[in-house]
Amino acid sequence: MGRKDSVWSLGEGQAPEDLDKPVDTPPLSSLLIERPQGGSITVGGDISFVAKVEAQDLLRKPTIKWFKGKWMDLASKTGKHLQLKETFDRRTKIHTFEMHIIKAKDNYAGNYRCEVTYKDKFDSCSFDLEVKGLLHCLSLRRHEDAGDLDFSGLLKHREPKQDETPEVDVWEILKSARPDQYEKIAFEYGITDLRGLLKRLKKTKKEEKKSEAFAKKLDPAYQVDKGGKIRLVVDLADPTVELKWYKNGQEIRPTPKFIFEQKGTQRIMVINNCGLNDDAAYSVAAGEEKCTTELFVKELPVKITKEIEAVKTTVNERIELACEVSEEGAQVKWCKNGVEVPTGPRSRYRVKSEGLKHWLIIDDASKEDTGTFSLMASGGTSEAKVQVELKPLKIIQDLQDMTVLLGQPLKMHCEIFPGNVPGRWYRNGQKTLGLCPSLCPPVFFILIKLSSHLFSCFDRNHRLEIVNSTIHDAGDYTFVPEGYSQSLCAKVHIVDPPRVHLESLNFPDNTVTIVAGNKLRVEIPISGEPAPRVVWMKGERVSADLGPWGDAQLVILDSGHRVRAETFSDHTSLTIDIAEKEDTGNYKIVLQNEAGEAGASIKVKVVDIPDPPEVPLVTEVGGDWCSMTWEPPIYDGGSPILGYFIERKKKQSSRWMRLNFDLNKETTFEPKKMIEGVPYEVRVFAVNAIGVSKPSEPSKAFVPLAVTSEPTMLVVDDVTDTTVTMKWRPPDTIGAAGLDGYLVEYCIEGSKKVTNKELTEKTKYTITGLPPEAKILVRVRAINAAGASTPRTLQHSILVKEVIEPPKIRIPRHLKQTYTRKVGEAVNLVIPFMGKPRPKVSWLKEGQTVDPTQVTIRNTDCDSIIFIRKAERKHSGKYDMKVEVENHVDTAIVDIQIVDLPGPPQCVKIDEVWGGNVALDWTPPKDNGNAAITGYTIQKADKKTMEWYTCIEHYHRTCITITELVVGNEYYFRIYSENMVGLSEGATQTKDSALIVKEGMCELLCYIDHDFKEPPKFTQPLINTFAIAGYNATLNCSVRANPRPKVIWMKNKIAIIDDPRYRMFSNQGVCTLEIRKPSPYDGGMYSCKAINDLGDALVECKLEVKGQFWLEGTW
C-alpha cells in the first residue's frame, strides 16, 4: 500500500466519522477572547486564522499549538505555504496568534484545532477549512511541484504518484491489530505521532455486538421482599427458538412456585412466595446464546410485639422474662447488661420459645443477677430491669470490738433471728475462716475445730474462739448469714508490750567506735504490738515528760538531717551520714505503746584526724634559707600527735612540695635550697594514729634576699656656694630583691660625723646647706630589702665654691626660620639656654615690652617658654630674647607669623562670551589672611538649577577662559581665593550671566522657565536591616526635591546631632547613615526626614543588632 507523503494527507487519513466528533481535551477555562473561525478558499488562495488571549492576569506568555486533524502539530511544518505569527500589544495587554496559509492546495482541506495552555489552565477551539475547485486544479497542476508542505516529496525530489488503491480506514486496522503491530502500521500509513495515536486508541470504545437471539435481555439484577412475587421477562428476536431457564446452573421445571408464561415474543418466569433459598443466580438460554441475572431476596425485620416486663424479687426465687415477636421461629438473642447470656448445659440461665413467645428462666436467683436484661431481634430490642435483693435479718446481739494481749484466748459471740441460719466468718473481708451450717432437727449444737479456731452454732447463737491469739489474728471480723442483707462486724486488736533487744548487737559495753567522715548506721531489734513509738535522744539531762529516758532538748528527728533515726516494724536504726567529732556521746532510745514502754542506751565514739596547726611564723630569712616555728593544733582528734609534715611552694604557683618524709617531732624547722628573690609560702600538717590533718593556713609570703653590689662611677655634677650635686650609676649586681633606692652620706673634711639619712631613688642628688669654701667627702650606698650595700666613696674632697659659666641660647632648629600658626591655634615655644649662676632672661616684641595679658612668658634655670593660648593675627612679629649672667650677654630672635583664611577676590566680571567659551577677569582679594595667595577655585552654575560645579582648582592667574559650555544654557560664575590655610569663606559671583548662543542664530526666542521646584519625595525607602555587633552598618535611601532639602536622621524619633558614632552623607540625592561599630543598644527604629520650603517626607526602618556570638556560634 502506498505511503501518503504530504503532511496534510494525515488529516484526510483519519476516519470520516471522527471529523465531527469533539476533541478530548482537559477541562476548559476562558483563555481565548477571540477564537479562529472556519472558512473556505479556492485552490491557490490565501487565508488567515486569528486567536487572541488576554494577558491581564498572566505572568508570562501562554503556549499555543496549531493542529490539523487530531494530533498533527503544524509548528514544525512552517515554510512557503504555512506561516505562524505572534504579537503582543502592551497597551491592551493582548497576545495575538495568527496562522497564514499561502497558495492553498486541495489536500489542505480538513479540520483544524487551536490549543492554548498556561500553567494549569487550558482552552481549545476547532474550525474547518474548505478548499474549492479540487478537480480543476488537479488537472491543471498535475505536473507542478507537490508544494513546500509536501516534505517527503521535497526530500525525494519526485512528483507524488497517484494512489490508485482504494482508501483504507486505518483506525479499523489498528483496532483489530495487536499492540506490537501499532508501530509497523503507523509507519506504513505515514503516521508519525505515535503518542497521540496510542492516546486515541485508548479512548476509542469498542462497539458491542448485537445479540441475534434476544431483542431484550434480562436486567443485571432484581430484588424482591421475602414472601413476595417477582417476574423475569426476556424478549426474543426469534419466537420459535427453544428457551430454557436455570437457577444456579440447574434447569428449572414448571411448579406452583415457578410459573412460565408467554406473551407474543416475551417469555416470562414468575417466582411466587420468594424465600431466602430463592436468592440465587438465574439464566435463560435461547439456542446458543444465554443471558444471566441475579435475584436478591430482602428479608423483613423481626419486630417486638410485646415488651419484657421489669422484675423485682429476692434471692433464691425463680425469675421468668417473657417477650413476643412478629414472626415464628425468629432468631433472637438474650443479653444482660449488653453481654450475651450463656445458655449452655451448665449455665444458670435457660431459654425457651413457643410460637411467637420467647422466655429466659433463672431458677435460683442470686444477688449477682441484678441488672438490665434485653432481647435483640432484627427489627428491634426490648429491655427490662431485674432487681434481686437480700432477705431481712433481726440482730439480737451484735459482735463487740475487742482488745487482747498477745498469746491470750480470743472469744467472739453474736445472736440473730431466725435461728438455724448458716453463715460464714471473714477476716479483713477476704479470707474465709469457717462456715456455720444450718441445724437440722433434732441437732441443737454444732462445733467445728479448724487449726487454732473453734466455730460453734446453737440455734440463734454463733461463736468464734481462738485459743492462743497471734499478731495475725488482729483485724476486722465479719459474720455473714447466707441469703440475708445484713452482716455483723467487729474489730479485734492484738497488743504486745515493747522490748529492746540489745543483746544481739555484740558491742563491748554497748559502745560503737566510728572514724570521722564515715557513715554510721546502728540497727537495734525491737518488738511490740501495736508498733511502738520510738524516740532517739542524745544527752544526760532527764525530762519529766518522757520519764527516766527523756532529754527535752536533744531529740533526734526521724528524717531530713545528717543525724536521723528511722523506725521499722521489727527494728529501729540510728544513722549518721558523715560522722563528726561533735557526734560523740550517749544515745538513748525510748519505746512506747498502749501496752507499756521500754528503753536502752548506747555510746558512740568518733575518732578523727587532728585539727590543722596554727599559722607558721617565719622568724628569719637568708639568701636561700629561712627559719620557721608554729603552735600544735588545739584538737588532737582523740589520739596523741605523732609529728608534723612541712610543705612549701612559690607564691605564684599552686604546687606544694613536701620538705620532710620522716615526721618532725619538734615545732620548728629550717627549709633550705630556695631560689633568691622568689616569694615563698610554707604550711604544716599534724599527724596522729588516724591520719594526717588538713594543712595549716600558709604563712605570710617571704623572699630569700641578698644585698646588692656598690654603686659605680660616682662623680661631681655641679657645685655652687652652698650646694654640691653628685651623680652615679646603678650597681653592677642588683640581685633578685631589686633596688629600693640610694643613701648619699657626706662629712666635712677632718670630721668623722656622717650626715644625711634621706633615701633617693634617682642616680643624682644635691647636697644643700653647705658652708661656702668648705671641703667635704661623699659616699653612696645602694639599699634594697636585704639591707645596704658596701659604700662607693669619692677619692678626693670637694671644694664648695661656684664657677661662673657664660650664657648660651640654644635656638631649636624649627625656630631658626619663621614659625607659622593658624588663627585660633595655641603657641607653645620652649627655648633652652645655659649659664651659671642662673641667668636673667628678658623679651621684646618689635622693640617694645611684651604685653603679659596677650603673651605668657615663663622662665626657669635652663629654658624660657612663650605661650599663647589662642593665637590672633596681632600676635605676629619678631620677638627678641636676651640672656644675661653678670657682664656676659647672649641674644636671639624668634619670628612668629599667625595666618588666617583669605578674603574673596574683587571685581569678578565676564570679559567676553563666544561660542562655548567665557572669559573671566578679577582682582586679588583685599585681605590675603597674612599669607601669600596660592591660587583660585572657579565654579559655574546653570541658571535653571543654580547647582554649583567646580571648573578648576588651584589656579594662579587672575584671568581665565572657561570652555566646553553647553549651548543654550545660561551660566553664572563665582571664584574662591586660596592661601596656605585654605579656601576663603565666601566667593565673589559675577553680577551678569553668560548665555551660550548657537552660532548663526540671529534671534533669541524667549521661553518661560519651567518650575522645577517640588516637595521632597523618597524614591528609595529605608529597609529593615540586621547588623553584627562590632562591624560598621549603613542605612541608605534616596530622595528627590527642589530646592535641595535639609536631611535629618533620627533614632527612635530623636534627632541625631553631633554624635561621633554616626556619620551622615548626602550625594546626588542618595542619603547614607553610617553607624560605627554598633552594639545591641544601637538597635531600634531609624528614620530619615527631608525638609524644604514646599514640604517634608519621612521614611523609617528597623535596625536589629546581633551580638558577635550569634555569628560565631559561641560566646
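**Strands, cores and cysteines**

Ile589 has Ala600 as its bridge partner in strand E45. That pair belongs to a predicted model. Strand E44 covers residues 585–593 and pairs with E45 in the antiparallel sense.

**Around strand E45**

- Two residues make up the hairpin that joins E44 to E45.
- E45 spans residues 596–607 and also pairs with strand E38, residues 511–515.
- The pairing of E38 with E45 is parallel and runs over five bridges.
- Val512 stands opposite Val604 of E45.
- Strands of a sheet pair through backbone hydrogen bonds, in either a parallel or an antiparallel way.

**An open sheet of four strands**

- Four strands line up in the order E78-E80-E84-E83 to form an open sheet.
- The pairing in this sheet is antiparallel.
- Its edge strands are E78 (1014–1020) and E83 (1062–1067), and each pairs on one side only.
- From one strand to the next, the twist averages 25 degrees.
- E78 meets E80, residues 1033–1042, over four bridges in the antiparallel sense.
- Phe1018 has Val1039 in E80 as its bridge partner.

**Nonpolar cores**

- In soluble globular proteins, nonpolar side chains tend to be buried together.
- The largest nonpolar core here has 28 residues.
- Those with the most contacts inside this core are Phe49, Trp66, Met99, Ile101, Tyr112 and Leu129.
- Five strands are listed as giving two or more residues to the core: E3 (47–54), E4 (63–68), E7 (94–101), E8 (110–118) and E9 (121–132).
- Another core lies apart from the largest one and has 25 residues.
- Ala516, Val522, Ile576 and Val604 are among the residues of that other core.

**Phe49 and its contacts**

- Which residues does Phe49 contact, leaving aside its neighbours within four places in sequence?
- Among them are Trp66, Met99, Ile101 and Leu129, which are also listed with Phe49 for the most contacts inside the largest core.
- Phe49 also touches Phe97, Glu98 and Phe127.
- Pro36, Gln37, Gly38 and Gly39 are in contact with Phe49 too.

**Cysteines**

- The count of disulfides comes to zero, with a cut-off of 2.5 Å between cysteine sulfur atoms.
- Is Cys626 buried or exposed?
- Cys626 counts as buried because its relative accessibility is 0%.
- Cys951 has a relative accessible area of 31%, so Cys951 is partly exposed.

Terms used
Residues are numbered from 1 along each chain as its sequence is written. This is a predicted model: local features need pLDDT of at least 70, side-chain atom pairs count only at pLDDT 80 or more; totals for chains, interfaces and linings use all residues. Side-chain values use heavy atoms; hydrogens and water are left out. Two strands pair if DSSP finds at least two bridges between them. Axes are lines fitted to C-alpha atoms, for helices over the stretch in contact, and angles run from 0 to 180 degrees between N-to-C directions. Buried means under 20% relative accessible area, exposed over 50%, partly exposed in between (1.4 Å probe, protein chains only). A nonpolar core is a set of buried Ala, Val, Leu, Ile, Met, Phe, Trp, Tyr and Cys residues joined through side-chain atoms within 4.5 Å. Contact means heavy atoms within 4.5 Å.
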